[in-house]
Amino acid sequence: MLKTITSSKIRNSEKYHMSKGVLILRISICFGSACHIRGAYGVLNAFKTLLEKNDIKGTVDIEGGFCQGRCTEGVVIKINDEIVTNVAKEKVEEIFKQKVMVLTSCK
């Protein structure tokens, strides 16, 4: 089940964590029609599994979003301000290593 996180909750969380000097990473996964059909839920579950397995230093917020306007390039995710296209659940581990682990300095 996908938990709904409002923008105001995210902003409040960011302000709190930044005041504590904690890194925040936001992963937004498109759940528009095209991305949904191309496996957005599999991508979400793959990220959740990797987050549970790894020692993340900081806070990682995962949110579902609506169409990113790149329907022919789906599944589309956004890690902070960087857009990553053509994501499949089989590619998530490599993206996680390259983007999330590097940014959060995992053990």
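Visitor: In this predicted model, what share of the contacts with a separation of 6 or more comes from residues 24 or more positions apart?

Guide: Contacts can be sorted by how far apart the partners sit in sequence. Here residues 24 or more positions apart account for 69% of the contacts with a separation of 6 or more.

Visitor: Which elements make up the protein, and in what order do they run from the N terminus?

Guide: There are four helices and four strands. From the N terminus on, the order is α-β-α-α-β-β-β-α.

Visitor: How do S1 and S2 run, and how many bridges join them?

Guide: A strand pair is read from its direction and its bridges. S1 and S2 are parallel, joined by seven bridges.

Visitor: How many residues of S2 are buried?

Guide: Burial is read residue by residue. In S2, six of the seven residues are buried, so the cut-off matters here: buried means under 20% relative accessible area. Across the protein, 36% of the 107 residues count as buried. The accessible surface comes to about 6,700 Å², and 51% of that belongs to carbon and sulfur atoms.

Visitor: Which residues of H4 are buried, and what covers them?

Guide: The buried residues of H4 are Val92, Ile95, Phe96, Val100 and Thr104. Their cover includes strands S1 (24–30), S2 (59–65), S3 (77–79) and S4, along with helix H3 (40–53).

Visitor: Where is the kink in H4 centred?

Guide: A kink is described by a position and an angle. In H4 the kink is centred on Gln98 and comes to about 25°.

Visitor: Now the charged side chains. How many salt bridges are there?

Guide: Side chains of opposite charge can pair when their charged atoms come close. In this model the count is three salt bridges.

Visitor: Which residue does Lys99 pair with, and which elements does the pair tie together?

Guide: Lys99 forms a salt bridge with Glu82, and their closest N and O atoms are 2.7 Å apart. Lys99 belongs to helix H4 (residues 92–104) and Glu82 to strand S4 (residues 82–84), so this pair ties together parts that are 17 residues apart in sequence. Lys99 is partly exposed at 21% relative accessibility, and Glu82 is partly exposed at 37%.

Visitor: Which residue forms a salt bridge with Glu93?

Guide: The partner of Glu93 is Lys97, with the closest N and O atoms 3.9 Å apart. Both residues lie in helix H4, four residues apart, which is about one turn of the helix. Glu93 has a relative accessible area of 44% and is partly exposed; Lys97 is also partly exposed, at 43%.

Visitor: What is the N to O distance between Glu73 and Arg70?

Guide: The side chains of Glu73 and Arg70 meet in a salt bridge at 3.7 Å, N to O. Glu73 counts as partly exposed, with 27% relative accessibility, and Arg70 counts as partly exposed, with 33%.

Visitor: What is the mean pLDDT, and what share of residues reach 70 or more?

Guide: Confidence is read first as an average, then along the chain. The mean pLDDT is 82, and 76% of the residues reach 70 or more. Over residues 1–8 the pLDDT is below 50, and this stretch has six contacts in the model beyond near neighbours in sequence.

Conventions
Residues are numbered from 1 along each chain as its sequence is written. This is a predicted model: local features need pLDDT of at least 70, side-chain atom pairs count only at pLDDT 80 or more; totals for chains, interfaces and linings use all residues. Side-chain values use heavy atoms; hydrogens and water are left out. A salt bridge is a side-chain nitrogen of Lys or Arg within 4 Å of a carboxyl oxygen of Asp or Glu. Buried means under 20% relative accessible area, exposed over 50%, partly exposed in between (1.4 Å probe, protein chains only). Helices (H or I, at least four residues) and strands (E, at least two) are DSSP runs, numbered from the N terminus. The bend at a residue is the angle between axes fitted to the seven residues ending there and the seven starting there. Contact means heavy atoms within 4.5 Å. pLDDT is the predictor's confidence in each residue, from 0 to 100. Two strands pair if DSSP finds at least two bridges between them. Accessible areas come from the Shrake-Rupley method with a 1.4 Å probe; for residues, only the protein chains shown count as cover.
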